[in-house]
Amino acid sequence: MKASEIITVAFPKGRLLSEASALFETAVGVSPAKLLSGTRKLGVVDRRTGLRFLSIRAADVASYVEHGAADVGVCGLDVLREEPRDLYEPLDLGIGRCRMIVARPRGARPLPRGVAPRVATKYGRIATEHFARKSIPAEIIHLHGSIEVAPSLGLADAIVDITETGETLKANGLVIEETVLEISARLVVNRVALKLHGERLRRLVAALRQACDAGRG
Ligand code: PRP
């Protein structure tokens with residue numbers, strides 16, 4: 001297989017790795033997690049399928065695919081909505097399910113009318129759009145992690161963050177006020193790659209769709 005025929009897949013490290021890997025294993029018979037484990041290389045090629053898997057931080061997958069460093073990727077809807085990209089999103093993989101929520105300290109009194117809530121979050125755009133839709137003039141406080149501790153330290157009145165099991169919220173005395181967005185991982189495809197490798201990419205998408213359906217069934 002010529003180098004130009006290889007399809008590069010930006011594969012997320014972290015939370016999505018094992019579920020996404022299981023889907024690919026069902027779909028194309030290769031486990032990216034196994035292929036990438038124990039190597040310090042950024043990418044590994046599977047000769048049989050002609051797929052190259054890159055091990056990428058989940059938050060960077062969309063950039064790799066948008067700019068053509070990868071043809072395809074697996075990316076959470078939170079990342080895609082926080083930083084919109086010019087990408088084709090053909091498939092909801094149904095994995096990495098979680099929710100973007102607004103949470104406040106348990107028992108906190110409602111803020112007086114006209115007082116802008118201070119909202120700590122990593123997701124500035126999503127939070128800004130959410131409060132704007134509700135005509136609430138929130139003050140967004142940008143943090144990079146450990147969002148849940150912000151209210152107890154007096155840094156914020158509320159947070160916008162992701163929750164999966166709810167354990168982190170509970171441990172920090174927070175309760176969910178509302179859901180902003182239901183999240184799952186999406187397959188994303190570079191628009192030029194779709195023209196270059198159209199038929200093979202369509203087959204890959206179809207195989208992954210089947211693997212998703214089998215997983216749900
Ligand atoms: C996410 C999120 C919460 C936690 C929620 O953080 O920001 O802190 O998971 O999960 P739970 O509802 O199951 O307790 P992540 O572990 O992705 O790391 P981060 O601190 O870098 O955001």
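A pocket, on a 1 Å grid over the protein atoms alone, is an open set of points where a 1.4 Å probe fits, with protein on both sides within 12 Å along at least five of seven lines. Its volume is the space filled by probe spheres set on the points, which are joined across faces, edges and corners.

Good morning. The model before us is predicted, so local features need pLDDT of at least 70 and side-chain atom pairs count only at pLDDT 80 or more, while totals for chains, interfaces and linings use all residues. Residues are numbered from 1 along each chain as its sequence is written, and side-chain values use heavy atoms, with hydrogens and water left out.

The largest pocket holds about 1100 Å³ of space. Of its 35 lining residues (those with an atom within 4 Å of a point), the closest to the centre are Arg15, Asp78, Lys122, Tyr123 and Ile162. The lining divides into 12 nonpolar, 10 polar and 13 charged residues.

The ligand sits in this largest pocket, meaning that more than half of its atoms lie within 2 Å of the grid points. Around the ligand we find residues with a heavy atom within 4 Å, including Arg15, Lys122, Glu148, Asp161 and Ile162. Strand E9, residues 158-163, gives the largest share of this shell, 3 residues. Strands here are DSSP runs of at least two residues, numbered from the N terminus.

Let us turn to polar contacts, pairs of N or O atoms within 3.5 Å. An oxygen atom of the ligand lies 2.5 Å from a side-chain N or O atom of lysine 122. For glutamate 148, a polar side-chain atom is 2.7 Å from a ligand oxygen, and for aspartate 161 the distance is 2.8 Å.

Conventions. Polar contact = N/O pair within 3.5 Å; in protein donor to acceptor, adjacent residues only side chain to side chain. Helix = DSSP H or I, 4+ residues; strand = E, 2+ residues; numbered from the N terminus. Nonpolar A, V, L, I, M, F, W, Y, C, P; charged D, E, K, R; others polar.
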